[in-house]
Amino acid sequence: MPKIIVEVMPKADLLDPQGKAVANALQRGGNKDIKGVRIGKRIELHFERPITDADLADARKIGDEFLSNAVIEDVVNVTVEN
């Protein structure tokens, strides 16, 4: 079943408390080379037909207007996965 993947991340200049907590836990667990973590969202939009360019454009708009909070998040990627 084809799907469109919309990836949303916190804006780069905002704090990411979840990412900070995970980064600290990884450091305590011995992963000293990992210096930072950012945690976002992956949203899957499933289709029962082939995906068109218009569907991709609609997914980008849905991501910007509905799936993300434009004040604190950015839609960073919209891709098709079959």
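User: Leaving aside neighbours within four places in sequence, what is N82 in contact with?

Analyst: N82 is in contact with M1 and P2, where contact means heavy atoms within 4.5 Å. N82 sits in the segment after β3. N82 and M1 are 81 residues apart in sequence, and their C-alpha atoms are 6.2 Å apart in space.

User: What kind of model is this, and how are residues counted?

Analyst: This is a predicted model, so local features need pLDDT of at least 70 and side-chain atom pairs count only at pLDDT 80 or more, while totals for chains, interfaces and linings use all residues. Residues are numbered from 1 along each chain as its sequence is written, and side-chain values use heavy atoms, with hydrogens and water left out.

User: Why is N82 called exposed?

Analyst: The cut-offs settle that: under 20% relative accessible area is buried, over 50% is exposed, and anything in between is partly exposed (1.4 Å probe, protein chains only). N82 has a relative accessible area of 79%, so N82 is exposed.

User: Is that label buried, partly exposed or exposed for H46, and what makes it so?

Analyst: H46 has a relative accessible area of 45%, which is why H46 is partly exposed. H46 is in strand β2, and strands here are DSSP runs of E with at least two residues, numbered from the N terminus. Apart from residues up to four places away in sequence, H46 touches M1, P2 and K3.

User: How do you know that the span of helix α1 agrees with its number of residues?

Analyst: A helix here is a DSSP run of H or I with at least four residues, and its expected span is 1.5 Å times one less than its number of residues. With 12 residues (17-28), α1 should span 16 Å, and its end C-alpha atoms lie 17 Å apart, so the two agree. G30 follows α1 with a positive phi, near 100 degrees.

User: What makes up the largest nonpolar core?

Analyst: A nonpolar core is a set of buried Ala, Val, Leu, Ile, Met, Phe, Trp, Tyr and Cys residues joined through side-chain atoms within 4.5 Å. Here the largest one has 10 residues: I4, V6, V8, I43, F47, I51, A59, L67, V75 and V78. One member, V6, touches A59, L67, V75 and V78, among others.

User: Why is V75 called buried?

Analyst: V75 has a relative accessible area of 11%, so V75 is buried. V75 lies in strand β3, residues 73-81, and its contacts outside four places in sequence include V6, V8 and R60.

User: Which residues of α2 are buried?

Analyst: In α2, D55, A59, G63 and L67 are buried. The buried residues of α2 pack against β1, β2 and β3. As for the spacing, an α-helix has 3.6 residues a turn, so residues three or four places apart point the same way.

User: Where does I51 sit?

Analyst: I51 is in the loop between β2 (41-46) and α2. Setting aside residues up to four places away in sequence, I51 touches P2, K3, I4 and V80.

User: Finally, what makes a space a pocket?

Analyst: On a 1 Å grid over the protein atoms alone, a pocket is an open set of points where a 1.4 Å probe fits, with protein on both sides within 12 Å along at least five of seven lines; lining residues have an atom within 4 Å of a point. The largest pocket is lined by 13 residues, with G19, K20, A23, G36 and V37 nearest its centre.
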